[in-house]
Amino acid sequence: TQSKITILCKNNNLKEAIKLADSYIKKNPSLVNNYQFIAITFEQNLVFESAINYYLQARKVTNNKKLFSYELANNYYNLMDYYSSIFEYVTHLESNKSYLYITSNKFKEMVKKDSTLIQEIEKQCAQSEVEEVRELYALSLVEIDDFASALNVYSSLSLDKFIKFADDLYAKSFYQLAQQSYEQIITKDSITAIQLAEIKYKIAQIYYDQKFFNETKDILNQIVQMKELDNNQLKYRTKVHFEARKLLANILMIENASKQNVLAALSDAESYVFNTNDKKHIAFIKVHYLTMNEYYQEAENLLAQTIKGEEYGSAIIAKSLQYQFELYLMQNDNRADSLLTEFIMFSPEDNAANDMLFLSLFVNNLDENRKQEFLKAYRLKQTFQNSQAIDKLEKLVLSNPHDEIKLLLADWLIEDWQIDKAKEVYNSKFDNEAYYEFAQLELARLKKNNNDKKQNITDYLKNKPNSVFSPLFRQLLTKTQANRG
């Protein structure tokens with residue numbers, strides 16, 4: 001029967017195919033599997049209307065209004081009858097919660113095609129007693145970038161889901177909404193002491209990223225003073241004690257506090273680290289701080305003390321090479337190059353290897369005077385003295401324009417949220433064609449208006465379709481086109 005129906009469908013003889021299907025059903029009209037068998041046959045031949053008809057007949061026979069809801073939803077979806085599809089998907093999800101991910105993908109596709117469908121999704125989902133159905137509505141809101149409405153829905157879901165939503169907002173740099181979410185989360189009755197501290201730390205990070213350092217300190221001090229975290233059992237279950245104190249140390253560096261205060265803050269953080277290797281990594285942070293503040297001998301002594309007793313080839317010895325390299329490079333010691341090679345051999349996958357290689361090549365391309373000026377700016381940047389670091393780098397560019405330093409200056413300006421000044425640097429003259437094209441790529445990235453961005457990228461690709469940067473421009477264009485509004 002299946003093969004005969006298939007042949008009739010392929011020959012566009014739908015009337016005969018349905019007649020054959022009906023005669024097959026009549027033999028056992030109460031057998032549900034027969035309806036499903038016929039419906040699947042029509043589905044496979046893309047005759048979705050007929051498939052729907054037989055699924056609905058099965059419902060009538062069984063008096064079960066939820067029967068084959070998922071199959072019906074897919075068929076309605078294929079016919080672009082999205083209202084019926086939404087209803088059936090929700091009906092199925094209410095009894096099959098594990099289908100949330102698959103169903104949400106369908107809903108995302110629907111609202112991409114027609115954002116007004118969100119009203120129907122709200123109607124079907126918003127008041128549901130099933131959490132997964134309400135989450136389906138929230139995920140659909142996120143897909144159309146209505147994060148404020150999604151926040152209201154997530155606030156009614158489980159704490160873990162609400163936290164994940166807030167974390168996603170923070171990752172997208174939607175600071176206001178992320179903070180609003182976190183502040184609602186910390187009022188929840190179900191929140192534990194560890195969760196409370198960790199969420200407060202995330203709020204502190206939001207303030208820190210926006211350079212609201214007084215507010216950051218207030219939140220961090222609240223975490224430090226939480227007596228619940230002093231419980232010995234809780235000490236080993238979270239890193240928030242350490243992370244909060246470490247960030248406080250960073251703020252002391254930003255405030256240009258005394259060496260004693262900064263090192264004391266790092267030592268306080270270290271007291272909440274319980275693994276020997278982790279403690280040594282705190283020592284490395286101290287070495288880095290001392291090096292960047294030109295306390296070279298003190299940094300040397302601490303580094304030697306930290307690696308004392310370590311076997312050659314250990315993870316600590318390997319990592320120590322990075323900090324010894326910094327010490328040598330800052331003091332213009334030729335041994336820096338050999339240490340770089342050794343570090344790459346030990347730790348080729350360490351992200352620091354790329355930074356060290358870039359720094360070494362960069363510095364070696366400068367004459368002695370500019371090299372020392374640049375290293376001073378670099379040290380200031382490493383100790384969070386961004387304003388002074390940028391000022392030094394700007395003076396270096398003015399006195400002797402250098403393409404690589406200009407690109408680095410633009411990068412530092414962006415990190416310091418001085419976007420307009422960064423654009424000015426990218427728009428300036430570059431002697432090297434590759435650097436000029438890279439600057440054009442970064443300018444395109446910085447454009448806020450999608451239409452302007454598209455036009456800028458399109459113009460570039462028309463003029464330079466075979467440029468080494470053309471693939472990156474095309475990727476950016478694709479990403480821009482995917483963004484709505």
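Ground rules. I am working from a predicted model, in which local features need pLDDT of at least 70, side-chain atom pairs count only at pLDDT 80 or more, and totals for chains, interfaces and linings use all residues. Residues are numbered from 1 along each chain as its sequence is written, and side-chain values use heavy atoms, with hydrogens and water left out.

Helices 18 and 19. I took helices as DSSP runs (H or I, at least four residues), numbered from the N terminus. The axes, lines fitted to C-alpha atoms over the stretch in contact, with angles from 0 to 180 degrees between N-to-C directions, come within 8 Å for helix 18 (residues 276–292) and helix 19 (residues 296–307) and cross at roughly 165 degrees. That makes helix 18 roughly antiparallel to helix 19 (the label for angles over 145 degrees; under 35 is roughly parallel, 65 to 115 roughly perpendicular, and the rest oblique). Their crossing is left-handed, meaning that the near helix is turned anticlockwise from the far one by less than a right angle. Among the residues in contact (heavy atoms within 4.5 Å) I noted Phe 284, Val 287 and Leu 290 of helix 18, and Leu 302 and Leu 303 of helix 19.

Helices 19 and 20. I found the axes of helix 19 and helix 20 (residues 315–330) coming within 11 Å and crossing at roughly 165 degrees. Helix 19 is therefore roughly antiparallel to helix 20, and the crossing is left-handed. The contact includes Tyr 296 and Leu 303 of helix 19, and Tyr 323 and Leu 327 of helix 20.

Helices 18 and 23. The axes of helix 18 and helix 23 (residues 368–382) come within 9 Å and cross at roughly 140 degrees, so helix 18 is oblique to helix 23. This crossing is left-handed. His 288, Thr 291 and Met 292 of helix 18 meet Tyr 378, Arg 379 and Gln 382 of helix 23.

Salt bridges. I count a side-chain nitrogen of Lys or Arg within 4 Å of a carboxyl oxygen of Asp or Glu, and the structure holds 25. One of them joins Arg 59 to Glu 88 (2.7 Å, N to O). Ile 344, Leu 357 and Leu 361 form a nonpolar surface patch (residues with over 30% relative accessible area and no salt bridge, nonpolar side chains joined within 5 Å, like charges within 9 Å).

Methods
Accessible areas come from the Shrake-Rupley method with a 1.4 Å probe; for residues, only the protein chains shown count as cover. Helices (H or I, at least four residues) and strands (E, at least two) are DSSP runs, numbered from the N terminus.
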